[in-house]
Amino acid sequence: MSQVDKVLERADRNFEASLKRLFELIRIKSISTDPDYKDDCRTAANWMAKELSEIGIPSEVRDTTGHPMVVGHRTGENTSGPHVLFYGHYDVQPVDPIDLWHADPFDPQIVEREDGSKMIVARGANDDKGQLMTIVEAARAWIEETGDLPLPFSVMLEGEEESGSPSLEPFLDENKEELSVDLALVCDTSMWDKTTPAISVMLRGLVGEEITLRGPDKDLHSGMYGGAARNPLHVLSDMIAGLRDETGRVTLPGFYEGVVETPDTVKKMWENLKFSEEEFLGGIGLKTAGGEKDRTTLEQVWTRPTCDVNGLWGGYTGEGFKTVIPSEAHAKVSFRLVGDQDPEKVRQSFHDYLKSKTPEDFELVLHPHGGDRALRMDFDSPVLLKGQKALQDEWGKEAALVGCGGSIPIVGSFKRILNMDSLLIGFGLDEDQIHSPNEKYELNSYYRGIRSWIRVFHELSKG
């Protein structure tokens, strides 16, 4: 029996105890957004630090301006491969509305379905306590079976992810030298489906802008001034309409600079996922896809940049009717970025476009709302290939390389502050109702998740 097989066997023998430990953590009401649970958040941090230290990863609770961090390290003597930093969060969302829960949110239940499959139901069962404990239990099995971890290992757990992580970036800045290692392991992601593991390799970036366009010095009577006075809402609507052409492409000069084409091999993999556009759009009451007409829906949400109007208003919007030409018009516009697009270049191109369309006697006021680059892992990255092999060995099928239409802020912070790439592997499902009543985590996700991380550690340690 190989070493990794022995560790897997150890994890299997440990599984009932692993489940009890997860339930113990879940019972701690670590709701980071509610000051009433401040002490519970510290209790969860202390619990994690104690648990990690007891399995052989010396860890401590570090104070921040908000909820504490948990930081630990184990370099070992017989390790190889990259030094990894495992990231997770011990805080959870509030449980409201409580009346929609089938049981106490902090009293974890194993619910068996008619087909015999089982799920863990509780707040934090998936997000992120179940997910983070898959890595902790994988580390436990390695150390108990072999006396060590196969690769240098650090851990950082935060307690504010569900409340915007206000202390995170200052903490990373203050501890940059200690935490800057070779690779981050992030478990707060999902599988493609119940039997298909996935690695998230693309996260779209973001540019946000708010626009105010001022024309007349007061609201005007449309009967007296209509036709003679230019209407700010008309002008702004024309500006926005011109941002995309009839094929769905964004018209800003230089907008597609840095957009990287997806390899044909990856597109073929996506075809094999049997994604249903009809079900995807039907679930939100639509039938026809928008965006670029020559791109599939998965390409549009994972690998293509976008321009969306998030709000448009002006004039009279109250009850009844008021015939005015408004003095001002407003809009909020966001761009999702991919590949190597530069947020500031996109922003400047947008500003230049708006200025070129602004009438001489109008005033354009711009309010930037932040921006972040997209993040992606090279499809031929050795780390990615090792992650794929580990998952295939455990699940018996090729791991899907997927994108994320939104962003995962911690991954951007790791790249920007620590200059560190992240390997994103998780075992949740879209149906797990995170942030909602009756949040759940498949029992098989917990079991196979532990085994998967054991294999990932093994593959990464090969150097």
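Which residues does Ile-55 touch, not counting residues up to four places away in sequence?

**Entry 1: Ile-55**

I noted before starting that this is a predicted model. I looked up Ile-55 and found that its partners are Val-136, Ala-139, Arg-140 and Ile-143, with residues up to four places away in sequence left out. I placed Ile-55 in helix α2, which covers residues 38-55.

**Entry 2: The chain as a whole**

I turned next to the overall fold. I recorded 14 helices and 18 strands in the chain. The radius of gyration is 25 Å, close to the 23 Å that the globule rule gives for 463 residues, and I therefore noted the chain as being as compact as a globular protein of that length. Along the principal axes, the C-alpha atoms fill a box of roughly 85 × 50 × 50 Å.

I found that 53% of the 463 residues are buried. I also looked at contacts between residues at least 6 apart in sequence, and 79% of these join residues at least 24 apart. For the accessible surface I wrote down about 21,300 Å², with 47% of that belonging to carbon and sulfur atoms. I recorded 51 positive and 80 negative side chains, and the centres of the two sets lie 3 Å apart.

With neighbours within four places in sequence left aside, Ile-454 is in contact with Val-4, Val-7, Leu-8, Ala-11, Ala-138, Ala-141 and Trp-142.

**Entry 3: Helix α13**

How many of the 10 residues of helix α13 are buried? I found 7, and I recorded this helix (residues 409-418) as mostly covered. The buried residues in α13 are Ile-410, Val-411, Gly-412, Ser-413, Phe-414, Ile-417 and Leu-418. Just after α13, I noted that Asn-419 takes a positive phi of about 55 degrees.

**Entry 4: Backbone details in loops**

I looked up two cis peptide bonds. One joins Asp-96 and Pro-97, with omega about 0 degrees, and Pro-97 has its place in the loop between β3 (84-89) and β4 (109-112). Another runs from Asp-127 to Asp-128, with omega near 0 degrees, and Asp-128 is in the loop between β5 (118-121) and α3 (129-146).

I also checked two residues other than glycine with positive phi. Lys-274 has phi near 60 degrees and lies in the loop between α8 (264-271) and α9 (277-282). Its relative accessibility is 68%, and the cut-off for exposed is over 50%, so I recorded Lys-274 as exposed. His-435 has phi near 75 degrees and is found in the loop between β17 (421-425) and β18 (440-442). I recorded His-435 as partly exposed, with a relative accessible area of 39%.

Notes. Residues numbered from 1 in each chain as written. Predicted model: local features only at pLDDT ≥ 70, side-chain atom pairs only at ≥ 80, totals over all residues. Heavy atoms only, no water. Contact = heavy atoms within 4.5 Å. Helix = DSSP H or I, 4+ residues; strand = E, 2+ residues; numbered from the N terminus. Rg over C-alpha atoms; globule rule 2.2 N^0.38 Å. Buried < 20%, exposed > 50% of the residue type's maximum accessible area, 1.4 Å probe, protein only. Areas by Shrake-Rupley, 256 points an atom, 1.4 Å probe, with all protein chains shown as cover. Lys, Arg positive; Asp, Glu negative; His and termini not counted. Charge placed at Lys NZ, Arg CZ, Asp CG, Glu CD.
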